Amino acid sequence: MPLDEKIHFCPSFGPVFHGKWSPGYVESNRRIYDFELVYFAAGTTRVITPGAAFSCRAGSVILIPPDLVHCSVAVDEVERWCIHFDWFSDCRGPRGLSDVFVYTDSQTPFRPELCASAPEGLSFPMTAGADPSLLPLIRGYFQHTQTHAHPLTRQGQLLLILGTILEQTESIPAPRPINQLALVAKNRIDEKCRDFSLTVSQIAREMHVTGNHLSRLFKLQFGCSITDYIAQKRMGRIREILSDPTLSIGEVASRCGFADANYFCRFFRRQTGISPGAYRKQSSGVFSPPCPGLWAKNPDGPSGDGKGYARPSWEDDTP
């Protein structure tokens, strides 16, 4: 790729993540302040931005820039290695494990003026095809991160990874256009996921389309039904509320829009296979990664892919 040879890179380091997603998993829309390098070790993933959708197969890589609303969809079982970095050590935004992503439904506003700058001559998102040498380099970088290697060692490894990507000649398939109605619907679900009364019919009315038409568009774009996506977001919110040990199960049920705590417990068991209390005990003391489905800083840690849980089956007007 053409690049000004006079540019002097001096990258700084953000968090790293590695993990697996089950087929059909859809990320919440998010933005970042730095750059994210994502290497796909297995499976096929669609990385969706407002302008295009990128189909990333095993062995391919994508570089996601700051301030770009994006999400990923697991077409089948996916394994990803993610490295956050900047090119010139000029990112001033949050870069911790818990705040590296700013989600659409976040209460914290995104501040573009804190974003890292991009090198001249490069366009993003940047994609590259398979290169068998990349994964060993990335594993080495993760090992340096875990062992707290000297910053120069880590920086040298990161520069080697970036240089290998920039020298790639093989590209991934051309990005496909995005259906804007489906994207708007997803944005609204992400923004309103704390509203447990949200339904497909309500979203369709707001967008002046029929529920069936919107459901078809959503399924074509994201690979899952719109009701399943609402379910995914709702269950995520329920687990978030349930993680507060100061709340009783009855209080959790009330905050989740259930008038009857017993019905909430039956509903939760039907969706997950265990009771809310058992889930709370299992989750207590376990690190919850900031990006669902990924384990931070641990290349050999649990996948967090939610296997063993029943697929949600929310109806349109379920509370």
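P15 is found in strand β1 (residues 12-21) of the predicted model, with helices (H or I, at least four residues) and strands (E, at least two) taken as DSSP runs numbered from the N terminus. The residue is buried, with a relative accessible area of 6%; buried denotes under 20% relative accessible area, exposed over 50%, and partly exposed the range in between (1.4 Å probe, protein chains only). Leaving aside neighbours within four places in sequence, P15 is in contact with C82, I83, H84, R95, G96, L97 and V100, where contact means heavy atoms within 4.5 Å.

Because the model is predicted, local features need pLDDT of at least 70 and side-chain atom pairs count only at pLDDT 80 or more, whereas totals for chains, interfaces and linings use all residues. Residues are numbered from 1 along each chain as its sequence is written, and side-chain values use heavy atoms, with hydrogens and water left out.The chain contains nine helices and 11 strands. Of its 319 residues, 50% count as buried. Among contacts in the chain with a separation of 6 or more, 79% are accounted for by residues 24 or more positions apart.

Several loops carry backbone features of note. Most residues other than glycine have a negative phi, and most peptide bonds are trans. S89, in the loop between β8 (78-86) and β9, has a positive phi of about 55 degrees although it is not a glycine. S89 is partly exposed, with a relative accessible area of 40%. A positive phi of about 55 degrees is also found at H148, again not a glycine, in the loop between α1 (134-146) and α2 (151-166). H148 is exposed, at a relative accessible area of 67%. A cis peptide bond, with omega about 0 degrees, joins F124 and P125, and P125 is found in the loop between β9 (101-103) and β10 (126-128).

Two packed helices are described by the angle between their axes and the distance between the axes. The axes of helix α4 (residues 200-207) and α5 come within 9 Å and cross at roughly 95 degrees. V200, I203, A204 and M207 in α4 meet G211, L214 and S215 in α5. By class, this contact has five nonpolar, two polar and no charged residues, with Ala, Val, Leu, Ile, Met, Phe, Trp, Tyr, Cys and Pro counted as nonpolar, Asp, Glu, Lys and Arg as charged, and the others, Gly among them, as polar.

Helix α5 (residues 211-222) also supplies three residues, the largest share, to the lining of the second largest pocket. This lining consists of R46, A53, R176, P177, N179, L217, L220 and Q221, and its residues divide into four nonpolar, two polar and two charged. About 190 Å³ of space lies in the second largest pocket. On a 1 Å grid over the protein atoms alone, a pocket is an open set of points with protein on both sides within 12 Å along at least five of seven lines, a cavity is a set of points where a 1.4 Å probe fits but cannot get out, and lining residues have an atom within 4 Å of a point. Grid points are joined across faces, edges and corners, and a volume is the space filled by probe spheres set on the points.

Notes. Axes are lines fitted to C-alpha atoms, for helices over the stretch in contact, and angles run from 0 to 180 degrees between N-to-C directions.
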